[in-house]
Amino acid sequence: MKFLDQAKIYLKSGDGGDGVTAFRREKYVEFGGPDGGDGGRGGDIVFESVENLNTLIDFRYTQHFKARKGGNGAGSDKTGAGAPPLVIKVPVGTQIFDNDHETMLADLDKPGMRIVLLKGGDGGFGNARYKTSTNRAPRRSDKGWPGEERWVWLRLKLIADAGLVGLPNAGKSTFLKAVSGANPKIADYPFTTLHPQLGVVRLNMSEEFVLADIPGLIEGAHEGTGLGDRFLGHVERCAVLLHLIDGAAGGVVDAWRTIRAELEAYGGGLAEKPEIIVLNKADAMTSRELSSRKSALAKASGAKVMSICAVTGEGVKEVLRALQDVINEAKAERVDQ
């Protein structure tokens, strides 16, 4: 299935049904009178977040959604049937924006959330509603009220506990494959990963977390260079960022600063998130190189630097434990709030 994290769609809730003009005519009823019923209510547009979806690809092929019109009224004071709501199912983590791309209308960040985005139109009154002591035979009935309509943007932000960031070819996809059941594409060239990947990491029987790998960033990504920073939205909800750096390539401090600059330029609170810095490809460095590069990076970042080899598994368990501890702390803080 192809991955799509943005889509523009048209929505229209149902129009209300029309009221009718009708009169009671029965042989043995001395006085008749108006008995036109009201129209039924139009269908609402409802969004629901479900767990078994992880892409917006369906909205590339279906872009117009219109709810049904309410039923018209009838004689004998019969009200028209109300139209059922049109339920649009989206992945958990979907945000709904107005056509200006800035005004957020809804954020469906939990499974099973439902929101009525557009309400259906009310039904029109039948002529029975207008009967008075001085107007015993009204011939007025109203059309149903029109439903609401608008264009909206859907934007998907994947729900993950930890996010992988780094330059292309830092070994992020290799790491994700090694620690989870995910099967991302791995190759010896930049931008192998073209869209975000999710994997579930299980430390033991009682602890697990979701890890997101996004396409690599390069200098100028916030200006659209490379694949740009569009996919950074998928790690906005993460509790911690795992910054993976190719230790064997050298220039580790410059690599760290490049990514930090892109995170700060993007905004969204990414630069303030807890960060675990890890030097990858430890097997391709001598002990002296590894030690000096870790020291230089720790001095520049002011944080503890860990090292791993994603291929052999060296140091991986310690990194996963560190990630889980930060995630547990974040969850505990949310519960206290």
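Figure 1. Helices (H or I, at least four residues) and strands (E, at least two) are DSSP runs, numbered from the N terminus. This is a predicted model, in which local features need pLDDT of at least 70 and side-chain atom pairs count only at pLDDT 80 or more, while totals for chains, interfaces and linings use all residues. Residues are numbered from 1 along each chain as its sequence is written, and side-chain values use heavy atoms, with hydrogens and water left out. Of the 337 residues, 48% count as buried; here buried means under 20% relative accessible area, exposed over 50%, and partly exposed in between (1.4 Å probe, protein chains only). Take contacts between residues at least 6 apart in sequence: 73% of them join residues at least 24 apart. A contact means heavy atoms within 4.5 Å.

**Figure 2. Helix H3 packing with helix H4.** H3 spans residues 252-266 and H4 spans residues 287-301; the two pack at an angle of about 35°, with axes 9 Å apart. Axes are lines fitted to C-alpha atoms, for helices over the stretch in contact, and angles run from 0 to 180 degrees between N-to-C directions. The crossing of H3 and H4 is right-handed, a term used if the near helix is turned clockwise from the far one by less than a right angle, with anticlockwise giving left-handed. From H3 come Val252, Val253, Trp256 and Arg257, and from H4 come Arg293, Ala296, Leu297, Ala300 and Ser301. By class, these contact residues are 6 nonpolar, 1 polar and 2 charged. Ala, Val, Leu, Ile, Met, Phe, Trp, Tyr, Cys and Pro count as nonpolar, Asp, Glu, Lys and Arg as charged, and the others, Gly among them, as polar.

**Figure 3. The largest pocket, with a volume of about 520 Å³.** A pocket is an open set of points on a 1 Å grid over the protein atoms alone, where a 1.4 Å probe fits, with protein on both sides within 12 Å along at least five of seven lines; lining residues have an atom within 4 Å of a point. Grid points are joined across faces, edges and corners, and the volume is the space filled by probe spheres set on the points. Look for the 18 lining residues, of which Val92, Asp109, Pro111, Ile159 and Ala160 lie nearest the centre. The lining divides into 10 nonpolar, 3 polar and 5 charged residues. Strand E12 (residues 197-202) gives the most to this lining, with 3 residues.

**Figure 4. A look at Val200 in strand E12.** Val200 is partly exposed, at 47% relative accessibility. Its C-alpha atom is separated by 8.2 Å from that of Val179, 21 residues away along the chain.

Figure 5. Leaving aside residues up to four places away in sequence, Trp153 touches Ala7, Lys8, Gln95, Ile96, Phe97, Asp98, Asn99 and His101. Trp153 and His101 are 52 residues apart in sequence, yet 6.7 Å apart from C-alpha to C-alpha. His101 lies in the loop between strands E7 (94-98) and E8 (104-108) and is partly exposed, at 35% relative accessibility.

**Figure 6. Positive phi at Ser76 and at His101.** Ser76 has a phi of about 60° although it is not a glycine. Its place is the loop between strand E5 (64-66) and strand E6 (86-91), where Ser76 is exposed with a relative accessible area of 53%. His101, not a glycine either, has a phi of about 70°.
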